[in-house]
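The sequence and structure are shown first.

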Amino acid sequence: MMRIFEPRVAAAVKLADMSKPFLARDLRVDPIAAYIDPPVPRERAIITHGHADHARSGHGAVLATPDTIAIMKVRYGEDCAGRFQALDYGEPLQVDEVTVTFFPAGHILGSAQVLLEHRGQRIVVTGDYKRLKDRTAQPFELVRCDLLVTEATFGLPVFQHPDPRAEMRRLLRSVADSPQRSHVIGCYALGKAQRVIALLRDCGWTAPIYLHGAMIRLCALYEEHGVDLGVLKPSLEATKAELAGQIVIAPPSAIKDRWSRRLPDPVLAVASGWMSVKQRARQGGVELPLVISDHADWNELRQTIAETGAERVWVTHGREDALVYHCRQQGLEAEPLNIAAYDEGEEDAE
Ligand SMILES: [Zn+2]
Ligand SMILES: [Zn+2]
């Protein structure tokens, strides 16, 4: 593959100012004029993972893991960026005076934290991450750094995610109790759907799992990348009677529209970290909320910040204030980054 993040002629070396990060607050890597997860098209973009609030189409050149590139091409088309350069986890790439290395973020297939090294300064941008075991994503690796840019989707002490397997067992009990009904689980098509399916398999559910059309391509992509999901069938090909006692996976938006009328007396479930907010589940008419999150919870966020050894922390992508306050209490220099694009969040159902 053609290298697009080629080193350019090295600029004259200036004395390093260690107090000033070489990353700007809009996640522009200054010495190489590349942006991390830019919300608008850029000449050079480093993409942490395939979710729509991080991976956009229209960049000149994209540097990402092979899995993330595959996901972007499936979602946005082969030519969604001018050029792609794949970089495997743990392989340092020298770009001018900056070394870029990806480490697994444990969030979805191909998700990466970005380590940037420049004149002895180490900066890690986590992207979205979680540390809980999940066989559909490469397991999170801790990376030590001076400046940590962390997400904070669930950055409040009330967010303490339960064991996802316990949530799945709750669902399977409900299925056993109502063999005449179908269970439809609303979940985001990239990452959450595959994780829910894998959890169901690991909890012993061997029957075919039925998919809404929006889920099919990405489940196939996960399987092509070695994630075994068992027998999956398009829900459209099953009769209403056949779906009694069965499990159907659909986007959250679909479970309330006409599509779900084809299901026999469906039990509406939604798998999301937000399902711990009772009011949110109630408002959505969710009968069976399943608290399954692909993000670090409050304890994981704090643990990660401490373990990276970072003295400076920038908090973004969610509930910044509580985490900033926590960091300052620990004697760290901490600030919120208000990157507008993240607020739009297509990923409400994560
Ligand atoms: Zn994400
Ligand atoms: Zn995100």
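With which residue does R122 form a salt bridge? The partner of R122 is E117, and the closest N and O atoms are 3.1 Å apart. A salt bridge is here a side-chain nitrogen of Lys or Arg within 4 Å of a carboxyl oxygen of Asp or Glu.

The model is predicted: local features need pLDDT of at least 70 and side-chain atom pairs count only at pLDDT 80 or more, while totals for chains, interfaces and linings use all residues. Residues are numbered from 1 along each chain as its sequence is written, chains are lettered from A and ligands numbered from 1 in the order in which they are written, and side-chain values use heavy atoms, with hydrogens and water left out.

**Salt bridges**

The whole structure contains 17 salt bridges. Three of them are listed below.

| Pair | Closest N and O atoms |
|---|---|
| R119 and E97 | 2.9 Å |
| R122 and E117 | 3.1 Å |

R122 is partly exposed at 28%, and E117 is partly exposed at 26%.

The salt bridge of R119 with E97 links distant parts of the chain, 22 residues apart: R119 is in the loop between β8 (112–118) and β9, and E97 is in the loop between β6 (93–95) and β7 (98–104). Helices (H or I, at least four residues) and strands (E, at least two) are DSSP runs, numbered from the N terminus. R119 is partly exposed, with a relative accessibility of 32%, and E97 is partly exposed at 24%.

**Zinc site**

Which residues coordinate the zinc ion (ligand 2)? The donors are D53 (OD), H54 (NE2), D128 (OD) and H317 (NE2), at 2.1 to 2.7 Å. Donors are N, O and S atoms within 2.8 Å of the metal (3.2 Å for Na, K and Ca); water is not among the atoms, so sites may look incomplete.

The angles among the four donor atoms are 78 to 165°, and the site is irregular. Four donors count as tetrahedral if all angles lie between 85 and 135 degrees; four count as square planar and six as octahedral if opposite donors are over 155 degrees apart and all others between 65 and 115; anything else is irregular.

The donor residues are spaced D-H-x73-D-x188-H in sequence. The zinc ion (ligand 2) lies 3.4 Å from the zinc ion (ligand 1), and D128 coordinates both. D53, in the loop between β3 (44–46) and β4 (59–64), and D128, in the loop between β9 (121–125) and β10 (147–152), are 75 residues apart. D53 is buried at 4% relative accessibility, and D128 is buried at 0%.

**Positive phi angles**

A33 is not a glycine, yet has a positive phi of about 50°. A33 is placed in the loop between β1 (28–29) and β2 (34–36) and is partly exposed at 28%. R119, also not a glycine, has a positive phi of about 50°.

How values were computed
Buried means under 20% relative accessible area, exposed over 50%, partly exposed in between (1.4 Å probe, protein chains only).
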